[in-house]
Amino acid sequence: MCRRENNDLSGNDVVQSFITGSGSFPTFASLNSQLRILVLSLLPSTISDPKNLGTVLHFIYLSSGEGMGGGIRQLLEQVHRLSRRCLFRVLSMGPLPTHLAFIMDGNRRYAKKRGLEDGSGHKAGFSALMSMLQYCYELGIKYVTVYAFSIDNFRRKPEEVQSLMDLMLEKIKSLLDKESIVHEYGIRVYFIGNLGLLNDQVRAAAEEVMKATAKNSRVVLLVCVAYNSTDEIVQAVKRSCVDKADRDVERIQLVDIEENMQMSVAPEPDILIRSSGETRLSNFLLWQTGNSQLFSPDALWPEIGLRHLVWAILNFQRSHSYLEKKKKQL
Amino acid sequence: MLSLRVPSTSFHPRRFHAGALERRWRLGRDCFLSFSHPRGTRSLGVKSTKSEMAPFTAAEEETLPEGLHPELMPKHVAVIMDGNGRWAKNKGLQPWDGHRAGVEALREIVELCGKWGIQVLTVFAFSTDNWIRPKIEIDFLLNLFERTLKSELETLAKNNVRISIIGDSSKLPKSLLKVINEVEEVTKNNTRLQLIVAVGYSGKYDVLQACRGIAQRVKDGEIEVEEIDEKLIEQELETNCTEFPYPDLLIRTSGELRVSNFLLWQLAYTELFFAQELWPDFGRSGFIEALMSFQQRQRRFGGRKS
């Protein structure tokens, strides 16, 4: 950010520059969201005396430079975490979903909208995913499933498919790092899909992560990669036919197919959230989402935030008692 | 779901002596796909405004409303007709009045589909989950369905509508099965519109019966396990009765945001539209809104819009 060039600048000057955008100080618009919230929260007390605000702004600008920047960021993160914890405590008063599923749609449109290069949409999408996982696990949701890559996506241009595979390889490997979210929350990771369709490196990395996290049991992350619901059902039907080959076919029941599904490691999703406003399932969890609440916010995946999650959960809580009554009847 | 579903509270066994059964049967007979003029409804004070479904021959084909493009019309529309009971409750009426109003709405939609070139309309009448209702209620509903099919056969044949019934027929009474076979046989060559009614149906059941069919074929040595693929399952599903088994658009009324196990496999790429109105209020305007929303969507099927 900026450096204070003249020690004699008064608070009034700073505020003026801040608001008008002149001088060497950045404007309100250029602050990141955390600093904006801090500034706004200080406004009421400084209305009568702008000098106070000016002093604080000085402090912020100075500390946001090298060295002390990390400290302020950490402080703000702690403030955020605390307020999130309060919000989640309120939400936990009502019923919470056990399993949330996400279709992460809209990365490329996001990159185009922001005028970024092609690959950065997916990178931004990955950060959004990490934040969303953090919120879910903080809230106490045990299972989260994400639709990372569909079998249909292999039909895209080879360069795009390759860059996605490279990104996935990088991110899958990063899950094994000590500082990763996997270790922070004790996540058990599953990779669901036709892994044989992936290249050897990605498949090997995925299997390594599954093996390394096999002992974790607190929360579960299911990443659907090279996945199609119809493909999953075909594999389950094949296995059922083989298992029951020696028995009467009439004895094949729903449970026989279900236990052969790859997604049988998790219960059915309570909520399915698809970003970017499209309202379709796109061959994702067709078998498992028969009774799930479907929610499709207009935000593109990298723009998805805490508010969308809270809104989905509030809607879930609204219809929960009715759905429980129906389930008990079955 | 289609309005065969009557809340279980109105079918308390104690209240179900012979007289009440007869009266409710007479009143309820006019619900659900009843296109003939209702008799014996004076006590209800609710009259239907249309007595018969207007024939939609080619000569009467309507031009599409403004804003809808003929080349973007969906070929197959599926509908979950939810909200009859709530509609009746809101108006202070009895549940079967809600079903009658639901029938009017369905009639309108069937006519519009015929006029606007939609080729298949699938409606969710009775789910496998509904079998848990009291036996008396189920018997009543299936009896109702049977009588309605019988009375509507002529109208359907005249309007060039083909009827197909999908679902688990093993639990249906023999007389109903006989009527279903007759209706399907008589209308099988009709080409204007195919009306698929799902009775005793759920998406999971459909996949299960397909799986059993395939397992039998494997056992008979007709196919190998390795040959099982998506195409094979598609052929074994009950929606193989139509050329377009995959709905382009699914509409669910009454604001509920879920699919409720209707058409599982077939909904892989279907555009979903959730309408706030209850089914009896849905009608032409709601249908146009759903179609306009459908026509504006970008369908990519996993690929990229080039």
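Reader: How many bridges join S5(B) to S6(B), and do they run parallel or antiparallel?
Author: In this predicted model, strand S5 (residues 249–252) of chain B is joined to S6(B) by 4 bridges, and the two strands run parallel.

Reader: And what stands opposite Leu250(B)?
Author: That position is taken by Leu272(B), which belongs to S6(B).

Reader: What sheet do these strands sit in, and in which order?
Author: They belong to an open sheet of 6 strands in chain B, ordered S3-S4-S2-S1-S5-S6, in which the pairing is parallel. Its edge strands are S3 (161–166) and S6 (271–274) of chain B, each of which pairs on one side only. From one strand to the next, the twist averages 20 degrees.

Reader: Switching to helices, where does H8(B) lie?
Author: H8(B) lies across S1 (76–80), S5 and S6 of chain B, and it runs at about 145 degrees to S5(B).

Reader: At what angle do H3(B) and H8(B) pack?
Author: Helix H3 (residues 95–116) and helix H8 (residues 279–295), both of chain B, pack at an angle of about 25 degrees, with their axes 7 Å apart. Since angles under 35 degrees count as roughly parallel, H3(B) is therefore roughly parallel to H8(B).

Reader: Which residues make that contact?
Author: From H3(B) the contributors include Ala101(B), Ala105(B), Leu112(B) and Trp116(B), while those from H8(B) include Trp279(B), Phe282(B), Phe287(B) and Leu291(B). Glu108(B) of H3(B) and Arg284(B) of H8(B) are also among them.

Reader: How do the residues of that contact divide into nonpolar, polar and charged?
Author: For the contact of H3(B) with H8(B), the division is 13 nonpolar, 3 polar and 2 charged residues.

Conventions. Residues numbered from 1 in each chain as written. Chains lettered and ligands numbered in written order. Predicted model: local features only at pLDDT ≥ 70, side-chain atom pairs only at ≥ 80, totals over all residues. Heavy atoms only, no water. Axes fitted to C-alpha atoms, helices over the stretch in contact; angles between N-to-C directions. Parallel < 35°, antiparallel > 145°, perpendicular 65-115°, else oblique. Contact = heavy atoms within 4.5 Å. Nonpolar A, V, L, I, M, F, W, Y, C, P; charged D, E, K, R; others polar. Pairing = 2+ DSSP bridges.
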